[in-house]
Amino acid sequence: MFFFFYNAGTPYSNPSARLLKLIEVFQERAPWYVAKKIFHKHQVPIGHGWENTIEAVKSHKGVADVDGLVTAYLDHISSGEKSVRFYNLGKANVDNLRFQYQKFKNAPFLPLPLSGQQLQKASLSDPALVYVHQTPTGMAAIYSSVRKKDERQRLSVQSLPKAAQQAIGDFEEIIGIHNRKVQAYDVVWVPHKGKVIEVRADFLGNETQEAVTNAHQKIYADVHGKSGSKALIAPVDLFPAIKPIYDNSNEGIIIELAFATSTGSTKHEKMRDRDACLRKEVYHVNGKAALAADIEPYRIGVRWVLAGQHGEFSSPELFLDGRATMAASTSPGLFSATIRKCSDSQEYSEIKQKLESYL
């Protein structure tokens with residue numbers, strides 16, 4: 001299922017070929033905004049967008065930090081573009097799980113995913129443990145699978161054959177669903193200390209919630225078996241964090257909010273200006289003021305602007321996607337959070353800690 005980074009005689013034993021392959025795999029999983037920051041950090045020449053960057057790399061005469069980019073790729077697999085669930089397993093179960101992962105025999109080199117025709121010809125597969133990454137604060141058990149990804153594409157009717165145009169009639173544009181395969185990397189994070197683990201499922205955009213939930217369930221089934229737990233353990237309910245985050249005017253930039261009102265209606269608002277906070281948007285503020293009681297948020301999206309060590313900025317995001325029925329429930333059961341646009345595990349940890357502080 002994999003190519004390997006440094007095996008002699010493989011297409012990627014050459015540093016230049018390895019660099020091009022790394023850019024290709026980053027393109028599969030990272031937003032351009034995030035990838036550009038990572039490339040800059042590791043002296044990779046950057047063009048305008050993915051294709052121009054690939055061309056810039058092909059003609060580059062300098063030396064990029066390929067080994068550093070390998071580490072950054074592993075870091076992104078572990079913490080980039082994730083749907084996360086938290087499980088309080090208890091100390092004994094976490095100790096058992098940690099021991100099982102420590103016994104896993106890694107391949108000698110970090111695996112790279114399939115791509116192109118090889119990936120499209122591969123069979124769909126359930127998550128399988130492929131690598132255990134040890135860090136100073138914990139271990140990331142990496143699972144890989146091949147799953148389907150549906151992508152919506154706008155098509156101009158004028159680009160279709162004449163017969164198809166006549167059959168469609170007066171429509172100017174149609175939406176097509178392009179179904180393709182992706183190689184996903186889901187992660188179980190086990191800290192060196194503590195009894196709460198995380199299941200971080202890849203959520204690379206345009207994937208269905210059903211596919212991501214299915215990955216969560218299959219990963220937890222393996223965790224349950226390895227931990228030796230006698231009872232199924234539900235993920236931590238994240239719904240209680242939504243309103244406190246919204247109420248704290250100093251906590252990030254609200255970019256999306258859905259809520260119930262005292263008049264019996266529900267609203268779903270999004271900000272088009274990436275730097276403007278919905279808390280302060282005039283329509284939102286005036287609408288709240290006209291209500292007899294406070295709103296009941298059940299869905300929220302937050303962006304933070306974080307400053308790096310060298311003056312660069314990043315904008316990681318957190319989404320808690322509850323449903324309207326959860327607003328009045330005593331046990332809402334919102335088990336997953338989506339953390340996006342993190343360029344490394346440090347940014348991911350900072351957003352995770354913000355979330356945990358409201359639980």
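Predicted model: local features only at pLDDT ≥ 70, side-chain atom pairs only at ≥ 80, totals over all residues.
Colleague: Okay, and how does the lining of the largest pocket divide by class?
Modeller: The lining of the largest pocket has 17 polar, 14 charged and 13 nonpolar residues, and the pocket itself has a volume of about 1100 Å³.

Colleague: Which residues lie nearest its centre?
Modeller: Of the 44 residues that line the largest pocket, Asp75, Asp344, Ser345, Gln346 and Glu347 lie nearest its centre.

Colleague: And which element gives the most to that lining?
Modeller: Helix 11 does, with 8 residues, while other elements that each supply at least two include helix 2 (32-41), helix 4 (66-79) and strand 6 (173-191).

Colleague: What about the second largest pocket, how much space lies in it?
Modeller: The second largest pocket holds about 390 Å³, and its lining of 18 residues has Gln209, Asp321, Leu334, Ser336 and Thr338 nearest the centre. Two or more lining residues come from each of strand 2 (82-88), helix 8 (209-227), strand 13 and strand 14 (337-340), with strand 14 giving the most, namely 3 residues. By class, the lining of this second pocket divides into 6 nonpolar, 6 polar and 6 charged residues.

Colleague: Which strands does it pair with, then?
Modeller: Strand 8 (residues 253-260) runs antiparallel to strand 10 and is joined to it by 7 bridges, with Ala258 partnered by Arg299 of strand 10. Strand 10 also pairs with strand 13 (residues 317-321), again in the antiparallel sense, over 5 bridges, and there Val302 has Leu318 of strand 13 as its bridge partner.

Colleague: Last topic, the backbone: what is the phi of Glu81, and where does the residue lie?
Modeller: Glu81 has a positive phi of about 55° although it is not a glycine, and it lies in the loop between helix 4 and strand 2.

Colleague: Is Glu81 buried or exposed?
Modeller: Glu81 is buried, because its relative accessible area is 3% and the cut-off for buried is under 20%.

Colleague: And what about Lys341?
Modeller: Lys341 is also a residue other than glycine with a positive phi, near 60°, and it lies in the loop between strand 14 and helix 11. At 23% relative accessibility, Lys341 counts as partly exposed.

How values were computed
Residues numbered from 1 in each chain as written. Heavy atoms only, no water. Pairing = 2+ DSSP bridges. Helix = DSSP H or I, 4+ residues; strand = E, 2+ residues; numbered from the N terminus. 1 Å grid on protein atoms, 1.4 Å probe; cavity = no way out; pocket = protein on both sides within 12 Å on 5 of 7 lines; lining within 4 Å. Points joined across faces, edges and corners; volume = space filled by probe spheres on them. Nonpolar A, V, L, I, M, F, W, Y, C, P; charged D, E, K, R; others polar. Buried < 20%, exposed > 50% of the residue type's maximum accessible area, 1.4 Å probe, protein only.
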